[in-house]
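Hello,

Here is the structure I promised to pass on. Have a look at it first, and my notes follow below.

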Amino acid sequence: MKQLLHLIFATALLFTAGGCKKFLYQEPYNNISINDIFKDFEGARTALAGCYDDLKSNDYYMRTFSLYPEVTSGNIKYSKVSNQALLLSYNFNNDAATNDMKTFFIMSYSIIYNTNTIIANINSVKDASSLQKNRLLADAYTIRALVHFDLARVFAQGYNFTPDASHAGITIRNQLVPVLAPVSDVQTCKQVFDQVASDLDSATLLYPNSARVFTLGDDKTYCSADAAKALQSRVALYKNDWNKVIALGTDLISSNKYSLISNSNYVASWKQRNISTESIFELAFGDRTGGSLGDYYNSSNTQFGQMATSNDLLGLYTSDDVRAQPSMYVKAIVNATDYYFTRKYQGMNDSANNVKIIRLSEIYLNRAEAYAESDNLTAALADLNVIRKRANPAALNFISTDKATVINEILDERRRELCFEGHTFFDLSRKKKNLVRTDCTSTQCNFIYPNTRYACIFPLTN
Amino acid sequence: MELFFYESITFDQERFKLKFFRVMKITVVLLTFCCLQLSAKTFAQKVSVSGKDMPLEKVFNTIKEQSSYTFFYDYDVLRQSNPVSIDVKNVTVEEVLNIVLIGQPVLYKIEGSVIVIARKEITSKSTEKFSDPIIVKGHVTNESNEPLAGAIVTLRGSSRVTACNENGDFELTLTPDEAARGVLIISLVGYNKQEIRINKRNILNIELDKNIQELTDVIITNSYSKPKRKEEVTGSISTVTSEQLQANRPIESFDKMLEGLAAGVQVEQSTELGTPVKINIRGQNSISPLSSSNVTQLTTSSQPLFIVDGVPVTEQRKGDEPLAFLNNEQLLNPLSGINPDDIETISILKDAAAAAIYGANASNGVVIITTKKGKSGKTKLNVGYSNGWAQSINKLKWLDGSQYHGLLKEMYINDRRSPFNAELLAGANNINTPWFELVNRYSTFNNIDVDLSGGNDNTTFRLSGSYLNQQAIQKGNDYEKIYFRLRVDHKINNRLNMSITMAPTLTSKNALNVYSNVPIIPNAPSYNADGSFYKFSTLGVPNPLAILAQNTNSHSGGSFNGNIRFEYNIRKNLRASTTVGMDALQNKLNLFDSPLNATGESKGGFAQIFDRTNFSWINSSQINWSPVLKKIHKFDLTTGFEAQAQSTRLLKGSGTGFTYYRLNELSNASNQSSASSRQNATSVSIYGQGTYNLLNKYFATLSGRYDAASIFGNDVNATVNAAVGVGWIINKEALLSDITWIDMLRLRASYGSTGNSRIGSYQARGLYGFNNTGYNGNTSSSPSSAPNAALGWEKNNKSNIGIDFNFIKRFNFTIEFYTNILNDAITPIPVAAQNGFINVLANIGKMRNRGVDISLNAQVLTGKFTWNTTLNAGFNKNVILEIKNKNALYGASTEGTVLKEGISTSAIWGFNFAGVDPATGRELYTDKTGKVVSVFDLDRNIITGGSYLGDRLPAVQGGFINSFGYKDFTFSINTVYSFGSNILINNINENNGRNLSNRNQSVNLLDRWQKPGDITNIPLLSASTNPLVYTSSKYMYDNTYIKISNVSLAYTFSKKTFRKLKGTRITVYGNATNLFYWYRQDSPNDRNGIREYKFDFPEAQTFTTGARISI
């Protein structure tokens, strides 16, 4: 019996020993808890880097979001008959369950959740200076605004679809909500744009009192005061807030921090990973092996290459335009048919070109449109011709006194200059234009404005 | 006693109580006294006697020492007796006397505690006998040539009886007449009785066949306590012995072999070699995940807990590892590390009384595997070899080249292409490449196993080794396995025993799996004119032949399972033991996509290497006390402490841009990347079990376990599970004790809880996961799992009522009724993406499995022609009782899954197909209101508008196993069946034309709608205008089937052939698997149905022949 007692005692001792608690505490090795990550600056900034990383993910700028306004607007046609990317969008067949934009939708809100977590936990970051904290916050606000804005561009009708923008927008997430919380209806377009503007304003206020948080990478590959300003210019354009577009545009252009790429460097600038002189904000692709946006525009990529340029777009260029083929488009023969592929993102793998989020050419065109809309045609034509003549120094200045003609020319120029950068379809929607696709194999090539299809149907995510 | 009792009935409550207790006290004392008296006769008087050529006097002295008897005899009388050889244990005095006095000139008589030995009256006949006695010697063995000590040998029609000694030898002295015409009856518990004519032979070699019914009398109930007699067990346990397992079958792991062998145990077969198999014990005891596609969606494991010799087998599951591992790594079946030939028994614990001692891991049942150990005596060698081949059965019928061309062209025309254009796009119409035949084959099977065992009284050992080489019928898929196992049991001294097991195995597997992934278009050639592989440049899919030649998908792994155990007998009935065990698995997976074909072309070759190491250890230390109080109260009390830890280490390297395509090591890649992952989980537990046995008639078991585990991160969560079970052997009651044809009639009942802790690590915490790409070289992290602080333990409350009825020694019948209620079931539930995540783990509701298990084991025929049969059936019905917030949860419209109150968790949810509109060629559906609508009007993506179509799990399933013996032949036939389940096939091979341009399609598409008036179920072919209803009932099939899963014929060469090689035994056999299938819903002529669609990977029919030699 004595031995029995000894054994029981020994067993009990083993269990209650202090080591037990330690034994039962196991650190996660692959992940880190939300509370832990914001304990220090080092952790907090990985979360911010995560926002950028996710922006450049396949589900966002590296594929889905960037391709959407191109396949829908008629800028591209497929060089393949199978495995076509965003085919549902091309055919305007997205529905709740099968929806090309579902992954974009999920990724967007995941990024928003990340920014909200950064904003909510900023005060628990111990070892960051207030300047660094301000930058973390400012970037989080800018990214939150950008993502809300992109969501609204895809899933809502244009801001001016109703006079007071009271039509449906998207769900705003400007703070953390419990993950099991039910989602009420979407907010109105106005509320969404107000939220975007308010975030960009917050960011603009914070940037001057902030300090760089990342040690690696070019400044232009992160959000900045100018990026926030440039995005505000774009948001104002979508709201027809012409004065604001002009003011912000003038501000950015006259700052002389950004310069248009010269005609001679134009094509080469898209080939390399170098930071463009006219970029205000671009997403760094860095060293990666996982593919790039260019994969879809590259005929030599047998798996993904398929986004050939439509004749609708090619026909907009004059032959001496640097952006026309053959200088900006590469010809390839697929299935005995000639196709032209843009050189904008021709680099693959390590030489993958950074995706331009916003650049100076757009600011010029935004301001040109704002001038024209506010009846200052001279100023409008001046800005327009800067872009036209950069592309074709030999071209004559475009001259017209008809407001509508000028605006249409500006829109055509936008398409020529900003094609494949995620604008064309949104410009149609914003300008209430009909969709006309002639070089088209879609089941639904044309739409008369207004049409419900100008807003992508929300995907069912569960 | 009665007198006291009646007197005590008064209306004075207080007085009554007082008196009642006094009466009870007296009653107990009296009862105890009675029992003591009784036991003086029945319990205390068993003796053991052994010795060679012992004089009778010595035998009597031995009995005297061990009992309370005294002997009276005349020494002169004893002098005329012969010395005897005897070896008996625990037998009554009468039995000993009966044996030793056979043929002696004396007889005995018991008078109280005195035994009188007196001279026999010698008859004239017996004088004759004794005048010329003949000594017949014999040797009794089992079928593995092991001597059977204690076998009783009786001369038929006489009281002449003897028992075999420890070498299995016996001697009988007979008259010449008896030696000529006498028949010996040899019997032993656990073996079939055998009669043998002496026929004047002086030496007899007798082999007894195991009696399967009786062998299961002793069963292993868990890995903590000693095996128990069946009658003592109150829980629900199914036992499968090595014979029943039929390890000779050409099946690569024992879990697949379990199909149909035990009531209520369903094996969801997989046709691919070496992949994990899902086993459902009494239905599925965890909620199904709503999505199968997202591998990061964890739910609690639905696998039972597997324990090999006390060491849990680490389950291969993906956890919270980075996507690099989740998406591409392929897992091996961890249970394939156990050689089926090494298994002695498998016990399947099904209810709470049996399994509660495993607490938080026992919700899905527990499977205890006990491996074989050596036996003392002559060293034995067994060698087995089998070899065979397999062919594919139930092949999916694909379109041939011209059919395919025709349909594709038609589809393009329907999609408004010009006929010219369509003809161009549809490709060649004069090519027909039989891809299936090109990538499949007749495959081979080879297996050799060797085991050596033996030892002496202090040390026994068993060493076994086995080599398996099995090809799948699909080229590029094969499986090789080398097993070793060593078990040594050693008695260090009288009190201290140790045993040690070590079982390393090596696995090598190739799994290119080319065809089932991409059924290639048939109207393209396989080779170019110059002999190179044809490339499908526009399809972006690889040529499967190129993959076979150029790519790599190979596993090379090893596992090690071992334990060491010490047991110390502190005193009689009290012992302490400790076990340290480990289970380790190491697997390296090499994947290479060659730059020469479409898989790796765009990357210049793509190599990935996954390195997985799982390691777990366990230590349990316990004390067992089994006192017998006052002779009738038998207790068996066990309590112990257990600690275990599991860790998973993963390492991945990948590279692209190979400088030279034939060098595919990562160092030759121009871009290289790597990833690693680690997970640790620890737990500590205290467990206890007490069994109580009253009068060998009433039984009770109480068991429980406290578990604390690290899986919930910071908050160490603990849980307690416990169960109680009771048993009553009814036929031992006086009322039934006279009915001799009833061997056992028993009623059992149990209730208790078990848990399920296997949900992956740290799931309750909100986590940030680190991305391997980073941004601009900066480390980046993103939210990876949503915080849900409210996540708690699942609890499975199980109740079980069972009746066992064994009769006329040949029939064992068991019926059990059970109800398992799972509370706080955990599953990932979809949440609004707007909240940042698409799903979160939550305790969402309550689920019930209710059913009946029936099993019947019978020796229908004994004697010359034997027939044993086993029939079992598991009926189960699953229903979700409650979903929190009353909301049903739906999977995506592609999944057909639902969690909804009132229906099963394995329900198939979708839309009711109502045929194809003869006018338009479009699909029609019956909507919720019962109205038939066009597919265009069906809100097919709002899955809530769907309805219950069927259930993925069967209502009843089981097996019917028969074995027949005649002379040296044995024949067995296994039939398994499953009724009432449905299967939702992948629609990609048979839908409305949308996949026609990418891949070959089922021949069923030939019946498509072509012109108004056509009556068919296949709509007009169109890639872009036909909406696809993923969960249409047209893709659902009735999976009711009966299958002859195995047929085997064996012949054992009779002893005569090997008379010179004493003890050698040779068996040759032939075996065939999957010989016959019957489906309730058979496929239409020349079309595909459930039979063809059921498995993606072709199913095999294997024929093997083999031989086994035992020396």
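In chain B of this predicted model, three strands make an open, antiparallel sheet in the order E45-E46-E47 (strands are DSSP runs of E, at least two residues, numbered from the N terminus; two of them pair if DSSP finds at least two bridges between them). Strands E45 (912-916) and E47 (932-934) of chain B are at the edges with a single partner strand each, so one side of each has no neighbour in the sheet. From one strand to the next the twist averages 35° (axes are lines fitted to C-alpha atoms, and angles run from 0 to 180 degrees between N-to-C directions). Strand E46 (residues 923-926) of chain B is joined to E47(B) by three bridges, and B:Thr926 stands opposite B:Val932 in E47(B).

Now the interface: 77 residues from chain A and 83 residues from chain B take part in the contact (heavy atoms within 4.5 Å). The area buried between chain A and chain B is about 6,800 Å², with 60% of it from carbon and sulfur atoms (accessible area, 1.4 Å probe, lost on putting the two parts together, summed over both).

Two notes on conventions. Residues are numbered from 1 along each chain as its sequence is written, and chains are lettered from A and ligands numbered from 1 in the order in which they are written. Local features need pLDDT of at least 70, side-chain atom pairs count only at pLDDT 80 or more, and totals for chains, interfaces and linings use all residues, while side-chain values use heavy atoms, leaving out hydrogens and water.

Best wishes

Note on methods:
Helices (H or I, at least four residues) and strands (E, at least two) are DSSP runs, numbered from the N terminus.
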